[in-house]
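Here's a quick look at the charged side-chain pairs in this protein. Have the sequence and the 3D view open as you read.

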Amino acid sequence: MIALDYAFCLKTGEAICPQENLNAFCLALGQTFSTLAGDSHCQILLKSERSSDWKQLADIQPDNLNVALPTVELNESNQALLLNLLAADDHKLRNNLYHLLLPLNMRGELLGCLVISTSQEISVDAHAKSMLALLLSGALDSHLQHQLLACEQAKHKNTEKKLVQEVCSQKGLLEQLHILHKISLRLWHAHSMDNMLHTAVYECIHALDFDRMAIFLLNSHTGLMRGTYGTDIEGKVTNEQWYCTAIHEHHHAKTTLDKKRHITINEDSELYHDSKEVGTGWNATISLWDGDEPIGWIACDNLITGTPLKSYHSELLKLLGVTMSQHLIQRRAQDDLKALNLSLEHRVAERTSQLEDANKRLNQISREDSLTHVPNRRMLDERLEEEWRRALRYQTPLTILIVDIDHFKQYNDKYGHALGDQCLTQVAEALSQVERRAGALLARFGGEEFVFLLPGSNRENAISVANRALEAVRKLEIPHGDSPVAPFVTISAGGKTTIPEKPNNQQQLFIDADVALYEAKSAGKNQAFVL
Ligand SMILES: Nc1nc2c(ncn2[C@@H]2O[C@H](COP(=O)(O)OP(=O)(O)OP(=O)(O)O)[C@@H](O)[C@H]2O)c(=O)[nH]1
């Protein structure tokens, strides 16, 4: 028989009081009880505050100490033993062992209990037992409170650490977003789609937290994916416009678009360049959308510096995707508008040129004789008015020479109107070759009459022109069986040379030229007369 008495109480108190922590307390407790009985086995059980559940805090055997905080569930046999002991509250022999339960109260509440199991019966002094319980309760409560505090402090430290990390990460994200904003401003100023894509890759790999980036454009109408700009393994921007593939043949593009994934990040992944594996690290792909229509995607990784993936990368890359999508949409709209404007400008220029041509032609037609294609009377009147003014201002000579086909009525009567027209055309053609001096003009005046306007020509030159005209028509040798003048068609010419003395008096010139023509006709035709 062993005794739990005051002496043991004192011994236990001396052993457990100086202990600094729960483990040392339990160890000292176990050692004290082993002096009581060599095979003693102590368990400290704690009662749940809110329920009647019990859990094990410490399992103290002479050769083994096991303290578990947070506490662990009781196994079935211990649970049954505890219930028995709680009900009987005495030192009982069960399963060949004597068990003693020491309830531990604190602040009027049952905190837990100490269960001592030995092979020998223990004689218990009731006062010593309650004193021991008091001693153990105080020490255990103090250690538990201390442990709880330490646990809270550790939690607090951990939260503080996480907070610092979070603040750092937020600061990093903020800096990156600031840079992204600056890049976005630069992209607004790009002068073309090509320039915008090059700037995007260049600026992003130099200022954002990743090493390489490539942008691909998608065309859902053609089903094609095209490269734009990317980064080589040394970090230089490269032109990748040569790259073109069907979207459905590109595994990543296909799955991203099918599943409408906006961003995918892979850690410890193989990294590629020109379809060859060049290293490992993290890589990310961001798809670009115009509403529901996929318009491109971006690939980026950390191949060169191996910069680790940060907690803000996901947020940063998402925003990069949104920014790039907006720029692509806006740039496409601008380009479409430019193309539309160009096509409109082109069409307007084409129409204007057609209109100008038509006007020119109209102008020409309105000043051209439709049968002979030499200038008509309207043209002659305009040019005569002009030349009259000029001759008046500079006091230079001006000549009018009227040419009339001889016996043309008979010609028409004999050969018919159609041949008459043909004759007129041939005569006009021949006359138009006679005088090629600058300013000289041959016009059809009406019927079978033609007029030479000869600015700067004196009478002598007018006579020369008239004779050359006569000769030119004779040379045509157009048969005229009914002409009493010659067997061929002939003409007569009457001219007048003057230096104008007053404005708008050109009509007089015509009257005088007509008089001269009359003279030529009266003198037998086939001749010229210049006044
Ligand atoms: N075939 C044809 N004949 C025309 C055209 N314009 C006028 N004529 C004819 O030209 C003829 C002119 O006749 P006239 O004024 O009598 O003159 P002419 O017969 O040449 O007599 P002279 O001038 O005195 O030699 C008329 O018979 C008109 O019908 C035309 O465009 N085509």
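## Asp482 and Lys414

Aspartate 482 pairs up with lysine 414 in a salt bridge, their closest N and O atoms sitting 4.0 Å apart. (A salt bridge here is a side-chain nitrogen of Lys or Arg within 4 Å of a carboxyl oxygen of Asp or Glu.) The two come from distant parts of the chain, 68 residues apart: aspartate 482 is in the loop between α11 (459-476) and β20 (491-498), and lysine 414 is in helix α9. Helices (H or I, at least four residues) and strands (E, at least two) are DSSP runs, numbered from the N terminus.

Buried or partly exposed? Aspartate 482 is partly exposed at 39% relative accessible area, and lysine 414 is partly exposed too, at 42%. For the cut-offs, buried is under 20% relative accessible area, exposed is over 50%, and partly exposed is in between (1.4 Å probe, protein chains only).

## About the model

This is a predicted model, where local features need pLDDT of at least 70, side-chain atom pairs count only at pLDDT 80 or more, and totals for chains, interfaces and linings use all residues. Residues are numbered from 1 along each chain as its sequence is written, and side-chain values use heavy atoms, leaving out hydrogens and water.

## Other pairs

Lysine 521 and aspartate 406 also form a salt bridge, at 2.9 Å from N to O. Lysine 521 belongs to helix α12 (residues 506-522) and aspartate 406 to the loop between β17 (398-405) and α9 (408-415), so this pair ties together parts 115 residues apart in sequence. Aspartate 406 is buried, with 0% relative accessible area.

The structure holds 20 salt bridges, and Arg367, Arg378 and Glu382 are linked in a network of them.
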